Every structure is written in C-alpha cells, then in structure tokens.
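Here's a quick look around this structure. Have the sequence and the 3D view open as you read.

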Amino acid sequence: MALIEFTKRGIYCKQGDFYVDPWWPVDYAVTTHGHSDHVRFGNKYYLCHTLTKPIIKRRISEDLNVETLEYGESITRNGVNISFFPAGHIIGSAQVRLEYKGEICVISGDYKIEDDGITTPFEAVKCHSFVSESTFGLPVYKWQKQEIVFNGIKNWVNDNINQQKTSVLIAYSLGKAQRLIKNLAGNTPIYVHNSIANLNEVIIEAGVKLPKTIRITPETTKDELQKGIVIVPPAMRDSRWIKNLSHPVTGICSGWMQVRAHRRWQSADAGFALSDHADWPGLMEAITATGAEKVYVTHGFTAAFSRFLNDEGIEAAEVLTRFGQEDDEENKVDLAGQNEN
Amino acid sequence: MKRFAKLIQQLELSNKTNDKIAALVDYFNYADDKDKVWVIALFTGKKPKRPIKSALLKYWAIDITQTPEWLFAESYANVGDLSETIALLLPPAENTSDFQLHKWVEDLHDLEGKDDETKKDFILSAWNKLETQERFIFNKLISGNFRIGVSNKMLVNALAKQSSLDSAQIMHSIMGKWNPYEITFHELINGIHVNTDNSWPYPFCLAYALEQEPEKLGDIAEWQAEWKWDGIRGQIVKRNGELFIWSRGEELVTEQFPELHFMIDVLLDGVVLDGEILAVQDKQVLSFSTLQQRLNRKTISKKQLDDAPIGFFVYDILEYGAKDFREEPLSIRRNTLEKLIGGLDESPVMISPVINCSSWEELADLRQTSRSINSEGIMLKKLNSHYHSGRKRGDWWKWKINPYTVDAVMIYAQKGSGRRANFFTDYTFAVRDGENLVTIAKAYSGLTDKEIKEVNAFVNRNAIEKFGPVRTVKPELVFEIAFEGIAESKRHKAGLALRFPRILRWRKDKKADEINTLEDLRQLLQSTL
C-alpha cells in the first residue's frame with residue numbers, strides 16, 4: 001500500500017494519519033515551509049522545521065500548536081517515521097521523509113539546488129517515491145549562477161544611483177527578500193518595507209545572521225532611498241508610494257523573468273531571473289539523485305515534466321494540488337500571472 | 001554584438017518614447033559606425049536576405065540539445081518566439097567572442113549558396129560563443145523581424161538628436177535607396193545618396209473640433225466648406241524633378257503609393273500639395289478599412305493594388321513656383337490649385353470638392369449624409385485664412401458627424417497610469433455572440449472621476465481571475481462605446497476591430513443581456529464596405 005495518497009484536503013499518509021501541507025484544516029499538518037500555499041490557518045497541530053516555527057507563528061497566529069524538528073531529526077507517528085531534510089527553497093524549508101516498514105517516500109515541497117548563501121542547501125534523499133514540484137519544468141528554464149545575476153543587479157543599482165534614479169526591487173517578503181539582502185549587502189544601504197522588516201526580525205531572533213537593513217518609515221527621506229536599494233513585496237508594485245519616489249525604477253526578481261514575453265508583460269523597468277525554485281537541470285538532478293521509482297509531479301508544468309520523466313524511464317504521474325495557486329496574503333499581485341511561492 | 005544586445009534589451013524594457021530615444025542616442029554615440037548602419041537597416045525593415053530557413057535552425061537546436069520535438073513545442077508555446085526558444089534551450093556557450101554586428105551580418109551573407117553542412121557548422125560554432133541574449137539576436141538576424149516598437153519616426157528623432165541634423169532630412173535619407181553593405185554612417189545620415197534639399201515638407205495646418213453652433217461663426221459666405229475625409233493626411237512634394245510623399249506622422253511614404261507616382265510628370269517643380277491619401281475607386285472614396293490594407297507595407301501585391309486602389313484628394317497648395325505660398329489667403333490658394341490640377345479628370349488625384357451652400361441649415365442637413373460617401377463630416381475654413389503651422393483656433397474647424405455607438409459589457413479591467421495608477425481605469429468590452437461574450441474594444445477614457453471610483457469598487461468586489469495586472473470581472477456593467485469606424489481584423493477574435501473606441505456613457509439603465517450582438521457589428525461592417 002502506498003505511503004501517501006492525494007485527497008481533497010491534501011497529501012495524506014493513512015498509515016500515520018497525518019497530512020503534509022494540507023489546504024483544508026486537519027488534526028496534524030506536517031509543514032514543509034512558511035509560504036502561504038503550503039501552510040494554512042486552522043490545523044490542530046503543526047510539525048515543521050525549527051526555523052519555520054517563528055515564521056508561521058508571526059504570519060498566521062501566535063496561538064498555533066507547533067512541534068519542531070531539526071534537519072536529520074525524526075519522530076514517529078503511528079509507526080511512521082517522519083524526518084526533515086533541507087530543501088534549499090527558503091529559510092526553514094524542509095523535505096519531509098516518511099518511512100514505514102522499509103518503504104520510503106519524500107515530499108519535497110518547493111526546492112532549489114543552488115546554494116543561495118542563506119538557506120541550508122538542498123540535500124538529496126534516497127527514496128522509493130518522490131513528490132516534486134515543476135514550477136519551472138521546461139528546458140528553457142536554466143538559471144545562471146546567482147553571482148552573475150547578483151552582479152547584474154548590483155550594476156543596475158549603481159547605474160541608477162549615478163543617474164539619480166531610485167532602485168526598487170520587487171521580491172517576496174519571505175525568502176526572496178532575505179536572499180537579496182544577504183547577497184546585495186555591501187556599501188549601498190538596503191531599505192526594506194515593513195512586511196520584510198517584520199519577518200527579518202523574526203528570522204534574526206531565531207538565530208539566522210542577516211546583514212543590516214533599514215526599515216522604511218514615514219521619516220525616511222526620498223534622498224536616502226535614492227542612494228540605496230529599496231526592497232518591497234509584490235503588493236506594493238503599482239503603488240503610489242513607489243511612484244512618489246525620486247525617479248523610481250523597478251526591478252522584478254523572479255524565475256519568470258527568464259523569458260522576454262514575461263518581462264514585457266510586466267510594467268517593470270528591469271527583470272532579473274532569480275528563483276527559489278529548481279530549474280530544469282535542477283529538477284532532473286534532484287530526481288535522479290533520489291533514485292525514486294515513482295515520481296509525483298505537483299505544481300507547474302506538470303504535464304510536460306511528467307511526460308518527459310516517463311519517456312526517460314522514470315515512472316511519473318501528474319497530481320492536481322493547490323500548491324503554487326495561492327500567494328501570500330501580502331503578495332496580492334502575481335508575477336507574470338503565475339505564482340512562484 | 002554585446003552593445004547591440006544591450007540596446008535591444010533597453011528598448012524592450014521601456015514603453016516610454018523618451019527612454020527609447022535615450023537608449024538609441026546612447027547607442028549611436030558609442031557604437032561602431034558600420035554597426036550603426038546595420039541597426040538603421042534592420043529597424044527600417046531592410047533585412048538581409050535569409051541565408052537559412054528557421055526550420056533548419058530548430059532542427060539543429062533539437063539535435064544538439066537532444067530535446068524531444070514535443071518538448072520543444074511545449075517550450076515554444078511558453079516562450080512565444082522561436083529565436084528565443086532556441087537561444088534558451090542551448091547549453092551555455094563554451095567560448096566567447098565580441099564580434100561586431102556587421103561582421104555577423106556579413107558572415108551570414110557569405111553563407112548563401114553554401115551547403116547545409118557548412119551552414120550548420122557555422123551556426124553551431126556561433127551559438128557556442130554567444131550569450132543567451134546575443135544568441136537570440138543572432139537567430140533574429142537569420143529568421144525574424146525585430147518587433148521592438150521603434151518606429152521610423154522614433155529612430156529619426158534619435159538620429160537627429162545625436163547628430164544635430166534636421167529630422168526631415170534624416171527621414172528622407174534613411175527612406176531613400178541605399179545599400180547597407182556599402183554606405184557609411186556619416187554618408188547615410190547626411191543623405192549623400194539623396195538630395196535632401198528637395199524633400200522637406202511643411203508642418204500641417206490642423207483644425208480644432210467645432211463645439212459651438214456653426215451659426216456663431218458668422219456669415220457662411222466667408223467660409224469654405226469641404227468634406228472631411230477619413231484617410232491619411234499627406235503632402236506631395238515635387239522639387240527638382242523628384243517626387244516625395246509625406247504622411248502626417250512625418251514619415252516618407254512615397255514607395256507605398258505607386259498610384260501617385262505619375263504626379264512627377266504632372267506637377268511643376270517647386271510645388272507642395274496638402275491632401276488626404278484615400279482608397280478611391282471611380283472617384284468614390286472607399287472606407288478607411290479598405291485603405292488600411294495598404295498601410296505600413298514593405299511590399300505591395302497585385303491583389304492589394306487591385307483591391308485597394310489609392311487616390312489623393314487635394315486640399316491645399318503650400319508651395320508654388322518654389323515659393324512658400326502659405327501666406328496667401330485660402331481663396332487665392334484654391335484658385336491656383338484649380339488652375340494647376342483642375343484638369344486631372346481621369347486620374348486618382350483630384351481636388352477635394354467644395355460644398356456649396358447658402359445657409360448653415362442646408363449645410364447641417366448635408367452633413368448628415370457624410371457617412372454615405374465615407375466622409376466623417378465637414379471642414380470649415382475661413383476664405384481669407386493663411387495656412388497655419390499646426391493647430392490654431394479660429395480659422396479652421398472640423399465639424400464631425402456623431403460617432404457610431406454600440407452597447408457592450410465590461411469583462412476585463414486594468415489599472416491606469418499616472419494620476420489614475422491606483423484605479424481600474426482601462427477596460428475591455430465585449431458584445432454577445434450567441435451564448436458567449438466576445439471582446440470588441442479596449443477603452444481608457446470617457447468616465448468622470450466619480451464614475452471611475454464606482455467602477456473601481458465594482459472591480460474590486462467582482463474580480464473573478466487575475467492575469468498579471470488584468471482582472472476578469474463579472475460581466476455586469478454596460479457601457480455605450482463610441483467609435484469612428486469598423487474594419488475586418490484577423491488579429492481579433494471577433495473578426496473585426498473598432499477605430500478610436502471610447503466610452504460615451506455608462507448605461508446604468510441596461511443589463512448585460514440587453515447589449516448589442518456581434519451580428520449587429522457584422523452588419524454595420526458590411527454596410528460600410
């Protein structure tokens with residue numbers, strides 16, 4: 001009997017009687033990471049990585065009942081062994097490994113292969129069946145090394161400062177924002193929107209080292225911002241606040257920016273292909289490394305990606321989930337009409 | 001090539017004309033002279049001959065990346081551009097090069113007539129030393145068009161700014177005949193190959209819309225009334241044995257309208273005529289949608305010449321005997337015009353007729369018949385007026401007929417820009433087609449601020465889906481849309497397109513099931529053809 005089934009409430013482990021990232025309230029929710037399409041309000045108990053706990057408490061409610069695991073740690077629930085391994089997606093993101101009577105299943109949540117400098121890097125886990133996302137499951141999505149992308153962003157910022165323009169980067173407040181802060185920190189001060197500053201506080205309190213940033217307040221002057229880097233969540237994108245800055249230019253950091261049509265569809269001034277999801281080679285590398293006999297493909301280009309895996313001799317099935325369909329509450333504006341949480 | 005790649009990126013990233021012009025000026029300041037000539041050639045549609053079929057490029061890309069054909073097709077569907085799909089699919093380049101643009105063009109040119117193996121070797125080695133964005137451009141050099149929103153006018157403005165030369169002169173130069181393999185940048189923009197002294201046009205005299213009763217203009221005997229034609233305003237310039245046709249957009253369009261070339265033999269040197277380029281058959285003006293088949297084409301087929309024959313209805317004469325004639329009163333200019341070309345009876349060029357009326361009432365009645373002759377109303381010109389530069393109040397008025405209207409329902413909304421950036425102000429409208437709704441127009445203006453706020457609240461409450469900045473909304477709000485014309489269109493799902501659609505008023509009294517149907521519009525389309 002399979003270890004997991006896909007139900008209308010979410011991914012369910014019958015033997016252990018718990019769900020992974022359910023989208024309707026359940027008794028026991030194993031949680032891969034803190035993005036809102038993976039963790040929702042209303043579950044009786046949550047099990048997540050230590051670093052995810054303060055994040056979901058801040059974002060959902062302080063009253064949640066949360067148990068935690070470190071990477072490599074495990075607990076047993078109704079005879080099913082549950083352990084966490086790094087997924088490399090965002091701070092605290094975990095792949096969930098289930099083992100029952102020698103059968104191993106790994107639910108990866110969202111993941112990326114490249115070490116982003118702030119998230120514990122992805123670690124492949126041997127298993128019989130593997131649940132994978134396919135947000136960028138087409139071979140045209142191949143990321144450049146992040147150093148190259150960040151150099152591009154830095155050059156853009158420097159050009160803007162020289163031309164008296166204000167650089168505004170649009171990035172998800174959980175994940176992308178911290179990655180930008182970590183990798184852009186240097187001589188140029190970084191100013192962040194409230195929602196990002198709040199999350200940074202939580203993350204720093206949990207013991208993660210983040211470079212210094214400045215919270216934007218009504219007292220922050222346009223002149224200061226013009227000489228710095230401004231990071232705001234997608235909801236702010238078309239806001240009056242940005243328009244009122246001194247010659248604002250916006251840059252979107254998202255994997256979708258790889259493609260011209262998506263860049264042009266956005267009314268941004270620049271697009272940087274920087275993603276917290278695995279690119280096509282990354283997906284293939286991860287799946288091969290797990291040695292899985294069966295792959296369930298959840299959100300993204302599920303049809304194309306599972307067809308390709310089957311052609312390659314890896315049994316794969318598309319699964320309809322709600323992952324990637326809902327963005328976090330503060331990020332009401334989509335990127336390229338598609339979600340990338 | 002890297003510099004050119006950067007230019008393309010800059011042009012793609014901005015929708016603002018000023019940014020684009022700045023990017024072009026910057027490019028023309030620093031790029032290699034030979035490259036600049038090619039950029040002008042590419043942007044004005046002087047494409048080098050295609051040395052390799054796109055299908056071969058695709059096949060080679062599939063071959064070296066070992067991508068299944070169906071997966072290539074899936075990728076292409078997501079990316080939307082063949083050159084770009086190939087550029088993204090290829091593995092990272094192993095070598096680097098910074099070949100200049102003109103060098104690539106020349107090397108590609110040399111491939112002509114070579115066998116497929118040689119071509120393949122060249123392409124594969126090129127792919128292997130270009131970055132993704134450069135590869136995309138390289139593929140475009142072979143197979144496609146650069147659709148990056150740079151009009152001839154914009155290019156000319158950038159060149160004028162960069163070189164401090166006169167823009168009409170540059171327009172003439174780059175629209176003339178030249179060979180990008182031979183000409184230098186300096187020769188090109190200075191118009192060594194053409195005589196730019198011959199071509200320059202005058203600024204058009206433009207009219208304001210008449211918003212008062214025509215009676216207030218005084219005695220009708222002091223006015224000349226003409227039909228207002230719905231075509232492309234143009235000037236025909238004949239100087240020193242050369243003929244030039246300019247459009248109102250200050251583009252040189254001589255080559256597009258061969259029917260008018262005979263004027264080179266008819267007109268004396270030193271004559272400039274102002275008039276309207278129209279589709280004309282047997283002296284009857286055809287609809288604007290017929291004319292449209294002839295606009296912005298690089299080549300014209302026999303069928304297009306037959307289906308949409310061009311004529312020119314002359315309004316005015318601006319230069320006569322090589323002298324500026326614009327200070328003469330209209331009555332004198334008109335007389336001169338009639339003496340000069342009044343006899344061109346059987347030709348597609350004729351003087352736009354004057355409407356003879358003894359009272360404003362009579363003229364108002366005639367105005368109601370405008371549509372039957374594909375006119376959009378009446379022009380009123382003071383008989384003693386000069387030919388002004390640009391728009392000036394008082395001497396010329398356009399007295400247009402009321403627009404067509406259709407009742408349609410709003411189905412998409414998008415936020416505006418500038419002052420209205422926080423409100424949904426850009427709407428897409430649909431009419432009924434059986435059970436379905438089919439979009440027919442997008443309109444930005446026509447509502448008061450109060451109404452915009454109301455619609456905005458409706459959109460926020462009734463958004464169904466979002467696609468990037470666009471919201472799909474419940475089809476409930478009905479608007480009366482005004483428009484100037486209707487044309488067949490293969491590009492739109494409805495099979496037709498409206499000209500200058502705008503919101504006339506919000507029909508709060510109507511429900512979504514009371515709107516017009518696609519059939520209504522089709523009938524209107526038939527009746528205008």
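## Ground rules

This is a predicted model, where local features need pLDDT of at least 70, side-chain atom pairs count only at pLDDT 80 or more, and totals for chains, interfaces and linings use all residues. Residues are numbered from 1 along each chain as its sequence is written, while chains are lettered from A and ligands numbered from 1 in the order in which they are written.

## Chain A overall

Chain A carries 9 helices and 19 strands (DSSP runs numbered from the N terminus: H or I of at least four residues for helices, E of at least two for strands). Its C-alpha trace spans about 65 × 45 × 30 Å along the principal axes.

Of its 341 residues, 53% are buried, meaning 20 or more other C-beta atoms lie within 10 Å of a residue's own, with C-beta atoms placed from the backbone.

## Helix α3 of chain A

Helix α3 takes in residues 176-184 of chain A and is mostly covered, with 7 of its 9 residues buried. Among them are A:L180, A:I181 and A:N183. The buried residues of α3(A) pack against several chain A elements, including α2 (146-162), α4 (194-205) and β16 (248-253).

## A tryptophan in chain B

Over in chain B, B:W127 sits in helix α8 (residues 116-127). B:W127 counts as buried because it has 21 C-beta neighbours inside 10 Å.

Setting aside neighbours within four places in sequence, B:W127 is in contact with B:L90 and B:R135 (contact: C-beta atoms, placed from the backbone, within 7 Å).

Methods: A residue is buried if 20 or more other C-beta atoms lie within 10 Å of its own, exposed if 12 or fewer, and partly exposed in between; C-beta atoms are placed from the backbone. Two residues are in contact if their C-beta atoms, placed from the backbone, lie within 7 Å.
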